[in-house]
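Dear colleague,

Please find below the sequence and structure that I am handing over to you. My notes on the structure follow directly after.

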Amino acid sequence: MKDYQLGLLYLAHLLMSADGVIDEKETTALQRVKSREGISDELFLEFKENIKSLREKEIYHRGIEMLNRCSDSDKLKAFVHMYKMQEVDGTVHIKEVRLLLYSVKMTSIEFNDVVAQAKVTVY
């Protein structure tokens with residue numbers, strides 16, 4: 001469970017900052033993900049501390065590594081969160097799309113499955 005939660009947080013953080021600005025709506029969406037996924041305050045603080053000392057590339061590799069230790073259903077769930085989050089600020093930046101597509105590929109999840117699940121997921 002910790003791998004799923006941290007992996008999701010790491011990749012969501014990169015998605016949020018991909019366009020160079022972390023919007024208030026994105027921060028709110030991350031808090032909603034934290035709540036929905038039962039991420040403890042302690043784990044969230046660990047995540048916040050970790051990202052301060054890591055480069056983007058390291059954050060990405062940790063996130064992918066952690067998600068790859070999870071079930072396919074958890075991977076899919078993480079990418080549905082990210083898919084929904086990329087729309088939350090009203091614009092979808094090309095860097096967000098690239099991050100999502102590449103991450104899906106690196107975890108052997110089908111992008112079409114992410115889109116299909118996102119369409120039926122209320123956010």
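**Findings**

Glu37 sits in the loop between helix H2 (24–36) and H3; helices (H or I, at least four residues) and strands (E, at least two) are DSSP runs, numbered from the N terminus. This is a predicted model, in which local features need pLDDT of at least 70 and side-chain atom pairs count only at pLDDT 80 or more, while totals for chains, interfaces and linings use all residues. Residues are numbered from 1 along each chain as its sequence is written, and side-chain values use heavy atoms, with hydrogens and water left out.

Glu37 counts as buried, at 13% relative accessibility. Here buried means under 20% relative accessible area, exposed over 50%, and partly exposed in between (1.4 Å probe, protein chains only). Apart from its neighbours within four places in sequence, Glu37 is in contact with Tyr4, Gln5, Leu8, Lys77 and His81, where contact means heavy atoms within 4.5 Å.

**The protein as a whole**

The secondary structure consists of seven helices and zero strands, and from the N terminus on the elements run α-α-α-α-α-α-α. The radius of gyration is 13 Å, close to the 14 Å that the globule rule gives for 123 residues, so the protein is as compact as a globular protein of that length. That radius is taken over C-alpha atoms, and the globule rule is 2.2 Å times the number of residues to the power 0.38. Along its principal axes, the C-alpha trace spans about 35 × 30 × 25 Å.

Of the 123 residues, 45% are buried. Among contacts between residues at least 6 apart in sequence, 78% join residues at least 24 apart. The accessible surface comes to about 6,800 Å², and 51% of it belongs to carbon and sulfur atoms; these areas come from the Shrake-Rupley method with a 1.4 Å probe, and for residues only the protein chains shown count as cover.

The 13 residues of helix H4 (residues 56–68) should span 18 Å at 1.5 Å a residue, and its end C-alpha atoms are 18 Å apart, which agrees. The expected span is 1.5 Å times one less than the number of residues. Buried in H4 are Ile59, Tyr60, Gly63, Ile64, Met66 and Leu67. Seen down the axis of H4, these buried residues fall within an arc of 165 degrees, so they line one face of the helix; the arc is that of the directions from the helix axis to the C-beta atoms. An α-helix has 3.6 residues a turn, so residues three or four places apart point the same way. The partners against which the buried residues of H4 pack are helix H1 (2–17), helix H3 (41–53), helix H5 (72–85) and helix H6 (94–106).

Ser71 is located in the loop between H4 and H5 and counts as partly exposed, at 36% relative accessibility. A polar contact of 3.1 Å links the side chains of Ser71 and Ser73. Such a contact is a pair of N or O atoms within 3.5 Å; within protein, one must be able to donate a hydrogen and the other to accept it, and residues adjacent in sequence count only if both atoms are side-chain atoms. Ser71 and Ile39 are 32 residues apart along the chain, and their C-alpha atoms are separated by 18 Å.

**Lys75 in helix H5**

Is Lys75 buried or exposed? Lys75, which lies in helix H5, is buried, with a relative accessible area of 7%. Its side chain reaches the backbone oxygen of Thr107 at 3.2 Å. Leaving aside neighbours within four places in sequence, Lys75 is in contact with Leu67, Asn68, Cys70, Thr107 and Ile109.

In H6, the buried residues are Glu96, Leu99, Leu100, Ser103 and Val104. Seen down the axis of H6, they fall within an arc of 125 degrees, so they line one face of the helix. Arg98 and Lys105 are exposed on the other side of H6. The buried residues of H6 pack against H1, H2, H4, H5 and H7.

Ser108 lies in the loop between H6 and helix H7 (111–119). Although Ser108 is not a glycine, it has a positive phi of about 60 degrees. Ser108 is exposed, with a relative accessible area of 62%.

In H7, Val114, Val115 and Ala118 are buried. They cover an arc of only 95 degrees around the axis, which puts them on the same side of H7. Asn112 and Lys119 are exposed on the other side of H7, and the buried residues of H7 pack against H5 and H6.

With kind regards
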